[in-house]
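Colleague: I am new to this structure. Please show me how to read it, one feature at a time.

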Amino acid sequence: MEYTILKISIADRIATVTISRPAVLNALNTLFFKEMDHFLHDLQARDDVRVLVITGEGKAFVAGADIAEMSGMTPEEAFEFSRFGQNVFASLEKLRIPVIAAVNGYALGGGCELAMACDFRIASKLAKFGQPEMNLGLTPGYAGTQRLSRISGIGNALYLILTADTITSDDALRIGLVQKLCEPETLMEEVMKLASKLASNGSGALPAIKKLIRDGISLPFEEASILEARAFSTSFGEAATKEGMKAFMEKRKPNW
Ligand code: CO8
């Protein structure tokens with residue numbers, strides 16, 4: 001597939017996707033979801049990429065779903081648009097590798113929902129977050145009601161969605177929506193440092209931990225704990241685990 005909205009680069013086991021529709025603040029349209037869907041399918045089949053970084057071109061990360069495209073939709077079309085987007089974001093969330101949102105500017109509506117489907121949100125101090133759908137007479141449509149309450153708690157989710165307020169990066173950090181803030185000019189450098197650190201762990205523990213945390217949240221505690229014990233014990237049969245512990249005993253770095 002020829003990508004027109006996504007700019008993709010892969011280097012040092014890190015894939016970087018830059019969403020590029022700067023004239024409309026990277027608003028998410030159907031073509032974006034088709035390209036992202038295709039890219040994620042390709043990525044699942046590769047074993048040379050250990051971390052995915054998603055960012056936006058220009059002054060926005062993503063300012064939401066494309067209102068111009070949405071405005072002419074029938075309820076049936078809106079349902080399809082919403083479900084397609086939800087499925088693509090679910091595929092993103094389920095990737096085995098960690099996904100970092102490098103939030104360089106506005107992350108509003110569908111943009112905040114995209115950032116929330118990533119594993120970490122590292123943001124520029126100038127970034128702004130919000131779910132302003134109510135200003136358009138809409139509810140969120142890419143699972144924002146569900147992810148925001150899981151990430152920041154029900155009170156913060158209700159507050160942000162019902163006020164439709166745009167919040168600063170400091171407030172986003174305070175409610176746990178963001179993991180780290182950076183000066184705008186060092187954002188990508190900081191993100192790449194984190195990505196390199198994550199990429200350097202070649203054991204199976206990283207995807208196992210991601211899956212345990214992601215799946216465990218919707219399971220009863222005891223059931224999720226058993227899955228953890230199984231994953232823990234499985235790793236004892238793996239060469240990478242043996243190498244990790246052997247390297248510690250030999251006071252050297254593991255050779256992954
Ligand atoms: N969709 C389409 N175009 C957009 C969007 C958007 N979400 N956001 C900005 N643009 C366009 C503007 O129309 C403008 O275009 P033009 O130059 O042709 O007039 C261009 O981008 C630049 O924007 P502004 O001039 O408005 O830039 P400002 O710096 O003055 O303002 C803001 C920046 C505050 C971010 C402002 O652009 C804004 O409020 N944008 C809309 C934010 C918003 O409401 N987002 C939520 C959209 S709804 C949504 O995301 C629902 C998700 C679930 C969908 C489920 C499927 C059915």
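Modeller: Buried means under 20% relative accessible area, exposed over 50%, partly exposed in between (1.4 Å probe, protein chains only). Strands (E, at least two residues) and helices (H or I, at least four) are DSSP runs, numbered from the N terminus. This is a predicted model: local features need pLDDT of at least 70, side-chain atom pairs count only at pLDDT 80 or more, and totals for chains, interfaces and linings use all residues. Residues are numbered from 1 along each chain as its sequence is written, and side-chain values use heavy atoms, without hydrogens and water.

Colleague: Why is S5 largely enclosed by the rest of the structure?

Modeller: Because five of the five residues of S5 (residues 99-103) are buried.

Colleague: Which strands pair with S5?

Modeller: Two strands pair if DSSP finds at least two bridges between them. Strand S3 (residues 51-56) runs parallel to S5, joined by four bridges, with Leu52 opposite Val99. Strand S7 (residues 120-124) also pairs with S5 in the parallel sense, over four bridges; there Ile122 is the bridge partner of Ala102.

Colleague: How many aromatic pairs are there?

Modeller: Rings of Phe, Tyr and Trp (its six-membered ring) pair if their centres lie within 6.5 Å; planes under 30 degrees apart count as stacked, over 60 as edge-to-face and the rest as tilted. The structure holds eight such pairs. One of them, Phe33 with Phe81, is edge-to-face, at 6.1 Å centre to centre and 90° between the planes. Phe33 lies in helix H1 (residues 30-44) and Phe81 in helix H3 (residues 75-94), so this pair ties together parts 48 residues apart in sequence.
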